[in-house]
Each structure stands twice: as structure tokens, then as C-alpha cells.
Amino acid sequence: MHNVVQLHPQALLEQRRNEQTSAIGMMVALGSWGMMFAALFFMYLGLRAHTLAWPPPGLPALPIALPSLNTVVIGCSSVALVRALRSMREGQRRPASLWMLATFVLGLAFVGLQTLLWWTTWQQGLTPSTGTLGTVFYSLTVLHALHVAAGLAVLAYLLGMTLGGRSMAERVTTLRLCGMFWHFVGGVWAFMFVGMFLL
Amino acid sequence: MQGVMTPADIEAAQHLQHIHETPKSFVKHYVFSIDHKYIAKQFLWAGLLFLFFGGMLAMLIRWQWAYPGEAVPVVGNLLFPDTQGAITPPTYNTIFTTHGLIMIFFAITPIMIGCFGNFCIPLMIGARDMAFPWLNLLSFWIFALSQALVLASFCVELGSAAAGWTTYPPLASQVGTPGLGQSLMVLALFVTGVSTIMGAINYITTVIRFRAPGMTWFRMPGTVWGLWLTSILNALFVPVLGSAGLMLLFDRHFGTQFFLTGAAGGTGDPILFQHLFWIFGHPEVYILILPIWGFVIDFMSFFARKPAYWFRGSIYAMITVTVLSAVVYGHHMFVTGMSPLLGQAFMLLTLVISVPAEILFLNWLHTIWKGSIRLTVPMLFGLGTIFVFGLGGLTGIYLGTISTDLYLHDTMFVVGHFHLTMASAAFLGSFGALYLWFPKMYGRLMNPFLGKVHFWFSTVGLTLVFGFQMLAGYAGQQRRLYDPFQYSYLEGLQDLNRFTTYCAFALAIGQLAFVYNFFYSLFAGKRASQNPWELGTIEWTDCASPPVHHNFDRIPVVYRGPHEYNHPEVLEKLGRDWIGQTEEFDPAADAATSDEVAATA
């Protein structure tokens, strides 16, 4: 079903320019967000550098299997979102919706697996107040998961709009911005995975 | 703006920014406005209100240092009924803590960045509004929420924040300040940070995307440059404070141990908070001065009726400072305990900043050298800014040098120094800007005589108060002492402190001249013409006073820089000493300039 909206050249130019403007704004915003996470990482590295052994004696090591699986999940969701944006640009409603749905489900799976991860570590006796390990582990992962959840909310809204038959040309910018945010959040997870679980 | 400035491009630029319709309903016009000019005014009022609040807190501190523990006159019984008007030590802690936080985050920032950033940027680059008007609206209302949180923090048990404006743990942990007020204040900082970042996103994007045709980077006024560079620092470093505040809140309420150690119960590290705080904190002092430098570059040229001397040099100097500001924060931590090698590196980088600052200074002086100076109120405030910033900047060298800082650290010398640089300079610069742009904002002129009274009270007052504070600090008076004179070695400083307090009261009384002038002019001031100062920047040449809702019916085309004063050819042909940035003058020459535009774009 091709329903490319034929825009007037002037309107098309305007839309492109607005999209670029929004993308610049989003980049600045992500720069800010990046600094926020960088400060959290700084804290993590600082605390870890002060401890002779990591994990600190008496605390369980963080699991590795679940986070690895989650890295794959969030990576796939990013790929799916790239495909969704491409389909939307081409005006293909069905593939766009399906890829967005895939992104959403994978994102939801990520949050679910994170919850499982927290449950597992909590069972092992690791709470936010058990030393610096619990402190950084829960703070960083929970803050990150909240960002994923925020991305999911925007995705759900866009999915509803697309399925509801709204003009897709208007949503391309929003999806692109949502995508930038989503890839950023995935990137932060990659850092966390390497820095906190692998090393 | 890209490529050759052909008529077609100029035509295209007209369509790329929508003309917002003037809102009809009261709420959309006056409460939830998306108009950058109106949001600027909202920030102005919110900021002035808290400036008054913070100023009154300062007066209480001054009273305490002149007459420690004695009942505060006039308002004492009202404020502190339990103690018959005397300030108790815990109350005193709250007062100096909230004075600092309110002034920096809830008074200077909204006035200087929120108000003038919003008002000047679109008008001076020839845009119809900000890039994201809705984000702008949100930015103000989130800021209003943060102010509400500040007020709420005063109303809870144990009062507002009391851990010093730097909010260092363990003092800022639940052990040091158990009251909810401390948490509310940290939350307010986080919320205001969100608002600041939203503003920064808007300012940065607007300047990149919405400059009028022909408005190249170096044709932007210094004001826009200063605000733009400040926004970059805001976008990058306010989130670091946000992160630190968030972790502090986690420590206070969710049982984490980021900063808790020893008696506070945990294995965290409070020193890391100092790092995070100053990674933000040092850029913050440049956040508060870069817009002022921008104003001063413009004011010197505007009112000396001369082109700004080596304008590009000034801009490069500001860019250099912006970059360097990110790598000098360690000079706040010389006595915290740091590797001496690292300390040396931070000292060197800190002192290097004086080079670009010196370039700016010399450029300002060169600009007014042999100029036809008009001592208008904004010009006076600009000159006052240079004076107090010079004093503060020179004394900063002693604090940036480790050997002298070890002695001066945590004394009143530090307090005097940073009040001269980031408080007095920001104060005078912002008021200069308000006197300059008031006619454009409200369409009425302010009374110049009262403006000058305000200027002399402010400049002399600020210089004396903070000069004497430095003197007291040099003599060994520690900052933040509830009663400095209980230490015998400081007893001799009581008279100095009292005299400083009288100066501070005079400074406060002088502000009444502004208050009267502001309200009187708002309602009954003389109507302002479109260009009362005879300036060439776009907001004066292309907009009515006050501008229409969408600023420009047609997006203007820019032909030259912002500081074209006393150009011999203009004098000869037009018979006036200024020419607008958007004024077509010599078609042949203008064509050549537009080729230049094409070459630089």
C-alpha cells in the first residue's frame, strides 16, 4: 500500500528543513543526556578505583548471561527501528508498523529481562544499600531502564498513530528523533555492559 | 543561509519560518505563551522576584556579621518570632546556603539567560521565534516549578537547605541535614537544570538554523555569541550537576551509598561529589559571565560610536575561554587533597585563562579609546561591569595559584572574589542589558536620572562590600562563620565588618531607585521610538518597540556586521553616525559583500 503524500515542493523543502532543525536539537539534547550518564560512569569508575577488589569482598559477582542476552535484544531493537524509519520514509504503512511493533516488543523484552536481572541479584542478597556495588548497579541500570521505558511510550504513541491511519509524512520526523534517542539509549547500555558486566 | 544569497534564497527564507498567529485567548497570550518575547518577560519577572528574595537573605547575613546574634531590626520579630528576632546558628546556615543557590540558579540565570537569551537571540539574528517554541514554553513552566520547590523547602520542618551552596556530602547527606528542605532544594536544582537544558537546546539550535540571510557567524552581535557559547556550556555541564544531585537524592532517600562513608555509614566517597560538583561548577562561573562579556563587547561599541576593536579576536577569546573552562575545575580543590602534579596542571590551565580574558579587556579598552562616548545608563553599567570584573579577575590569580590559595582558601577573600566576578559583574551587566532593551521590551523609556542613581549606588556599593570582604579574608576571616568575633584573632575585624554591612544596606537602598523606575516606566514612561539609542542591530532597525508578535513581516537581509558606527562614507551620505545591519547602502558594495557571504558560508 503506497500512500506517499505528494507534497508541494515548497512544503517538502520546509518539512526537510524542519526535520534537520529538530535533529540538531535532538543531538544537543543527547549531548546533555550523554554528559549525565558520563557523570554516573565517572562515579562508578571513581568508586571502583577506590576498592581493592571488584566485586568488593563478600558480595556476589554480577551475572553475565542475562546482560549478554539483553545486549543482543536491544541491538536487534535498534536495527528494527532503522527498518521502520526506512519503511515510513517510503510511505509503506504495513512494514513500518510491523517493524515498529518489533522494536516495541524487543524494548519491552529488554525491560522484562532487566527486571529478571534485578530479581536475581536481589535474591543473591544484593540491594541498593549493600556497598558500592549495589549502589552503582541498581542506580545505573534503573535510570537506564527508565529511559528505555520513556522510549517505549513514544514508540507506542507513534505506533498507534500509524495504525490509526494518520498521515505518515508528518510522523517521519518524530520517528527519526525517537530513533536517535533509542540508539543513544542502546549505546549507553553497550557502555554499561562492557564497563560493568564484562570488565 | 547556505550558498549564494540569491533573490530566490532570500525569498525561500521568508517561508521557512511560520508566522504564528497572535493568540486570542488570555491564557495563550499571557500564561502559556509560546512567544519568545513574552517568555523572556516571564523569566525576567520570575528572576527579579527571586533576586529580591536572595538580596534580602544577603542583608540578613550582613546583619549577622555586624551584630552577631542580636535581634534583626524591623523584620526580625516577623521572621524569627521564637528568638525575639535573633538569627540562630541553624537558621544562619539556611540563610547563607539558600542565598547562594537562589541568586545563582533562580535569579541571575533566569534574568541573564532566560530573559535576555529569549529576548535577544531571535530578534538579533532576524528570526521569527525560537526553533522550538513549545519547548520554550515548557522550559519556563518547569523553571516556575523549580521555584515553587524552593519556596516549599522553606515551609517544611527544619527549614530549607543548610549544607552550603556547594551541597557537599556528608554535610548534605541525611546525617548532616536531616530535613526534607535539603532534599527539596536539591530536587529544585535538578528541575531547574532540566529547564536550563531545554533553553540551551533552543538557543543553540536557533542560532545554528534561524539566522537571517546574510547573517554570517561573525556578523552576529557579541550578545548573541555570548549567549550561544553559554548555552553550549549549559547543555554540557548542567547535566553533570543533575547527575550529582540525583545521586545525592538517592543517597538521602533510597539507601544508596554513593557519597556516604565512615560515620555516615557506607563505603562510598564524598570527595567524588566535589569532583562532579566542580566539573559543573567551574563552567558555571563562565556560564554566568560569557553573556555579560557579550553585552559589554556590544555596549562599548554601541556607545563609543566606534566599531568593536578586533571583534573576531574577542569572539575567539570567548571561544577559547569556553573550551578552557571545562578543564580547570581542579583549582577549587587544591586543599581537598589532590596529586601535586594534577594540582600544578590545573593551576597552569587556570592561569592560562587570563590570556583570552586579557584580550577581551584590551579590546574593550581599545574600543572606547578615542570614541565619541555617550554615557548612557547601559554604557555606565557596561563600564561598571568592566571595573568590577577587572577587580575580581585580578584577585582570581591569587586563588588560582596553589601557594597563595592554600592560605586564602575558605576565607572571605574567596567570597569577595567570586562576588565581584560572577555576582557583581553579572548583576551590573544584566541591569545594563535591562536598561538597554527595556524600551524594546515594553515600548517605554526608563528614566535616565534614576538609572544613574541606581548605577552609582550599585557599582560603588558592590565594590566596597566585596572589596572589604576580600580585605577581611586577607586578614584571616573564615567564610560562613556564625559569629566570627568569638575568635580572638578576628575581634579586630568587627568594625570593618560593620562598615561593610552599612555599605551593603546602602547598596540595597539604592535598588529602590530601580524598583521605582521600573514600575513607573512600565506604566507611565515616555513612549519609546523604534530606535531610541540609534543602534544598528536588527531588533532596533527592523522591529517596532515593542515588536509585533511574529517579529518580522519579512525576514530581513543582513549586509554587514553589528558595529558599524562613524563610517566616513555613511556619515557623508546619510548624515548619521550609524547604519543598520539590514540597511542597503551602496548596492555595488553590498553585492560584493554578498559574494563574501557566499565565500564564507
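Helices (H or I, at least four residues) and strands (E, at least two) are DSSP runs, numbered from the N terminus. Residues are numbered from 1 along each chain as its sequence is written, while chains are lettered from A and ligands numbered from 1 in the order in which they are written. The model is predicted: local features need pLDDT of at least 70, side-chain atom pairs count only at pLDDT 80 or more, and totals for chains, interfaces and linings use all residues.

**Exercise 1.** State the confidence scores of the model and of chain B.

Solution. The model scores ipTM 0.94 and pTM 0.94. The term pLDDT denotes the predictor's confidence in each residue, from 0 to 100. For chain B its mean is 93, and 97% of the residues reach 70 or more.

**Exercise 2.** Describe the secondary structure and extent of chain A.

Solution. Chain A contains 5 helices and 0 strands. In sequence order the pattern reads α-α-α-α-α. The C-alpha trace of chain A spans about 65 × 30 × 20 Å along its principal axes.

**Exercise 3.** Determine whether A:Ala149 is buried, partly exposed or exposed.

Solution. A residue is buried if 20 or more other C-beta atoms lie within 10 Å of its own, exposed if 12 or fewer, and partly exposed in between, with C-beta atoms placed from the backbone. A:Ala149 lies in helix 4 (residues 131-163) of chain A. Because it has 13 C-beta neighbours inside 10 Å, A:Ala149 counts as partly exposed. Of the 199 residues of chain A, 32% count as buried.

**Exercise 4.** Characterise the side of chain B that touches chain A.

Solution. Two residues are in contact if their C-beta atoms, placed from the backbone, lie within 7 Å. In these terms, 31 residues of chain B are in contact with 26 residues of chain A. Helix 8 of chain B gives the most to this side, with 10 residues. By class, the side has 20 nonpolar, 9 polar and 2 charged residues. Here Ala, Val, Leu, Ile, Met, Phe, Trp, Tyr, Cys and Pro count as nonpolar, Asp, Glu, Lys and Arg as charged, and the others, Gly among them, as polar.

**Exercise 5.** Identify the residues with the most contacts inside the largest nonpolar core.

Solution. A nonpolar core is a set of buried Ala, Val, Leu, Ile, Met, Phe, Trp, Tyr and Cys residues joined through C-beta atoms within 7 Å. The largest has 223 residues, and B:Ile125, B:Val224, B:Ile289 and B:Ala426 have the most contacts inside it. Helix 5 (residues 89-125) of chain B supplies the largest share of this core, 22 residues.
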